[in-house]
Amino acid sequence: MADDPFRAELDAILGDLKASLLFLTRVPARLFGDSGAARPDFSRAARVFPAIGVLIGAVGGLVLIVARDLGESPLIAAGLAVLATFLLTGGLHEDGLADTADGFCGGATAERKLEIMDDSRIGTYGAVALVSSIGLRVTALADLAIFGSWRSALALIAAEAVSRAAVVRLWHALPSARPGSLSEQAGPPDQMAMLIAIAIALVVVVITVIPAYGFWAAVVGSALAALATFGMTLLADRQIGGRTGDTLGACQQVAAIAFLIGVAGF
């Protein structure tokens, strides 16, 4: 009986990991014997988003290492790594970034912005945002890969973890801007889930970035990601009065870019 609380918490963590993995990636639900039809309650499960980010970053990092070992240039290896993360997530966050850019830049009112964000077509602002996001991440990773593929892979792992914590932070901070939206249906993370997600991300940064690039690279990268998250939170609040699933995806992209640029600067 003494170990029942531990077993219950372990089962809860495993359940949260499975739910988050199915939510954030294209891993088939049938691998877990799950239909994937029911949407989980992320009031608690979002706490492990950074752990899923570690997995996503590890896949991209492995591709980068293999590409470099096969003689590819840092730029090509970095491009393949970013492509791998895109394929694993199905472009979930990139799609959110494009829709957010189109809506925020193309609409005059909050209602019009939300209407544009609902449109599946990508406009000029969305296309520019996508190209910028991919280009900046690839360039930063290529700069880091010059100093060693293993170290750049570690930076990618940290960036993916930190950016998922950024998603949880914005999700918790703002109300839903649109009834029935993805972010509302999934259930917002509670404060404990948000704090745990941030703590996990910070531990990942300490384990990966500090040994690879030093203390200040970790501090600057994390600080820039935090500022980017804060900026996205303010922007979403002012533009549409809250958050949607698209703004969560945009926040992940912006935070990952900011983190990689910060680390690459050192």
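Is D16 buried or exposed? D16 is buried, with a relative accessible area of 3%. Buried means under 20% relative accessible area, exposed over 50%, and partly exposed in between, using a 1.4 Å probe and protein chains only.

Before moving on, note that this is a predicted model, where local features need pLDDT of at least 70, side-chain atom pairs count only at pLDDT 80 or more, and totals for chains, interfaces and linings use all residues. Residues are numbered from 1 along each chain as its sequence is written, and side-chain values use heavy atoms, with hydrogens and water left out.

**Stop 1: D16**

Select D16 in helix α1 (residues 4–24). Helices (H or I, at least four residues) and strands (E, at least two) are DSSP runs, numbered from the N terminus. The D16 side chain makes a polar contact with the R44 side chain, at 2.9 Å. A polar contact is a pair of N or O atoms within 3.5 Å; within protein, one must be able to donate a hydrogen and the other to accept it, and residues adjacent in sequence count only if both atoms are side-chain atoms. Setting aside neighbours within four places in sequence, D16 is in contact (heavy atoms within 4.5 Å) with R44, A45, R47 and V48.

**Stop 2: helix α5**

Select residues 92–106. This is α5, with 15 residues. From first C-alpha to last it reaches 21 Å, close to the expected 21 Å. That expected span is 1.5 Å times one less than the number of residues. In α5, 11 of the 15 residues are buried, so the helix is largely enclosed by the rest of the structure. Among them are H93, E94, D99 and F104.

**Stop 3: α7 against α8**

Show α7 (residues 124–145) and α8 (residues 149–173) together. Their axes come within 7 Å and cross at roughly 145 degrees. Axes are lines fitted to C-alpha atoms, for helices over the stretch in contact, and angles run from 0 to 180 degrees between N-to-C directions. Which residues of α7 and α8 meet? L141, L144 and A145 in α7 meet S149, S152, A155 and L156 in α8.

Slide to A173, also in α8. A173 is partly exposed, with a relative accessible area of 34%. Its C-alpha is separated by 24 Å from that of A12, 161 residues apart along the chain.

**Stop 4: the largest nonpolar core**

A nonpolar core is a set of buried Ala, Val, Leu, Ile, Met, Phe, Trp, Tyr and Cys residues joined through side-chain atoms within 4.5 Å. The largest one here has 32 residues. Select L141, V205, V209, Y213, F259, L260 and V263, which touch the most other members. Which element gives the largest share of this core? That is α8, with eight residues. Apart from this core lies another, of 31 residues, including A46, V168, L170 and C251.

**Stop 5: helix α12**

Finish with α12, where 16 of the 20 residues are buried. Pick F259 in α12. F259 is buried, at 0% relative accessibility. Beyond residues up to four places away in sequence, F259 touches residues including A155, V162, V205 and A225. Next, pick T247, also in α12. T247 is buried too, with a relative accessible area of 0%. Leaving aside neighbours within four places in sequence, its contacts include T100, F104, M117 and L170.
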